[in-house]
Amino acid sequence: MTTTELEGIQADKVVDARGTGCPGPILAAKKGIVDVKPGQIMAVLATDGGTKKDLPAWAKKTGHEYLGVMEELGYFKLFVRRVK
Amino acid sequence: METTKKTIILFSGDLDKALAAFIIANGAAAMGDEVTMFFTFWGLNVLRKTAAPHHQKRFLQGMFGGMMPHGPGQLGLSKMNFGGLGANMMRKVMRQQGVTSLEELIQSARDQGIKLIACSMSMDVLGFQEDELIEGLEFAGVATFLGEADEANVNLFI
C-alpha cells in the first residue's frame, strides 16, 4: 500500500510496543491480533527498527496480511489485517 | 510430516547466551510455533530460584550449588564479564534500550506455553532438587529431548 493509502486507514486496534526491543513488538502483535476480528486492521507502534522486517515476517508466518509501514516522528506505525 | 516446531538446548549458564535462547524461543512462539527448551548442565542455573529451600547435600555438590549463579539475576557474561561488573553494565544498557530482561523473557516463555524441560541427570550431578528450580518445569532425560527434536524442524544447541 502507498503511504497515502496507509494514512487513510482507521485501525480497529492500536498496539503500542514503543520502547520495547526484539522480540517485544512481535509478542505485542501476537497478543493484539486476537482482539480484532478477521478482516479488521491492527496497527503496531514500534521504535525498534527491526520491526519493519519482523512484522511482515510474522504476518506471513501466522497467515495475516501485512499492509505496510508509515514513518511517524520517532517511531513506526505498521498495519496488519487479520485474515483468519 | 510438515512441522514448524523448534527445540532449543540451553547448555550454557551465561547471561548473553541465555538471552539469545529465550529471545529465539519467544519469537518462535509468537510466530505460532510449538517450542521446547531443554536445560542441561550450566543452563540449569538459569532456572534456579533466587531463594531456594535448603537441602542437605554432599560437600562438593553443596560447594557447586553455593558458587554457581542463583537464577537469572546472577548470571555472568560469556565475554567481558569482569567479575560480574560487565554483566551489570549489560543489564543497564539493555534496560536503557528497552530490551526485555531475561526474567521477563522466562515469564513470557511460560505465558506462551513454551515447554521447559530440566535435565534430571544434570540435576543429580549438580545436586539440584526439583524445588530449587522455578515452577512449571518438566524433568526428563535425553530420550525425551530427542523425541521432541524428532518432531522439530529446527534444533539449536546454545
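The structure is a predicted model.

The interface between the two chains draws on 12 residues from chain A and 17 residues from chain B. The size of an interface is often given as the accessible area lost when the parts come together. For chain A and chain B, the buried area is about 990 Å², and carbon and sulfur atoms contribute 61% of that area. One salt bridge is counted between chain A and chain B. This salt bridge pairs the side chains of A:K61 and B:D33, with an N to O distance of 2.6 Å. Polar contacts between chain A and chain B amount to four residue pairs, both members of each pair being at pLDDT 80 or more. On the side of chain A that touches chain B, helix 2 (24–33) and helix 3 (51–62) of chain A each provide at least two residues. Helix 3 of chain A accounts for the largest share of this side, with four residues. Classified by residue type, the side of chain A that touches chain B comprises six nonpolar, four polar and two charged residues.

Over all chains, the whole structure contains 11 salt bridges. Within chain A, one of them is formed by the side chains of A:D35 and A:K13, at 3.3 Å from N to O. A:D35 is located in the loop between helix 2 and strand 2 (41–46) of chain A, whereas A:K13 belongs to strand 1 (residues 13–17) of chain A, so this pair links parts that are 22 residues apart in sequence. Chain A also has a cis peptide bond between A:C22 and A:P23, for which omega is about 5°.

In chain B, a nonpolar surface patch of about 910 Å² is formed by B:F11, B:W42, B:F59, B:L60, B:M63, B:F64, B:M67 and B:F157. Helix 2 (residues 59–67) of chain B supplies the largest share of the nonpolar patch, namely five residues. Another member of the patch, B:W42, is placed in the loop between strand 2 (35–39) and helix 2 of chain B. The loop between strand 2 and helix 2 of chain B also holds B:F41. Although B:F41 is not a glycine, its phi is positive, at about 45°.

Methods:
Residues are numbered from 1 along each chain as its sequence is written. Chains are lettered from A and ligands numbered from 1 in the order in which they are written. This is a predicted model: local features need pLDDT of at least 70, side-chain atom pairs count only at pLDDT 80 or more; totals for chains, interfaces and linings use all residues. Side-chain values use heavy atoms; hydrogens and water are left out. Contact means heavy atoms within 4.5 Å. Buried area is the accessible area (1.4 Å probe) that two parts lose on being put together, summed over both. A salt bridge is a side-chain nitrogen of Lys or Arg within 4 Å of a carboxyl oxygen of Asp or Glu. A polar contact is a pair of N or O atoms within 3.5 Å; within protein, one must be able to donate a hydrogen and the other to accept it, and residues adjacent in sequence count only if both atoms are side-chain atoms. Ala, Val, Leu, Ile, Met, Phe, Trp, Tyr, Cys and Pro count as nonpolar, Asp, Glu, Lys and Arg as charged, and the others, Gly among them, as polar. Patches are made of residues with over 30% relative accessible area and no salt bridge: like charges are joined within 9 Å, nonpolar side chains (Val, Leu, Ile, Met, Phe, Trp, Tyr) within 5 Å. Accessible areas come from the Shrake-Rupley method with a 1.4 Å probe; for residues, only the protein chains shown count as cover.
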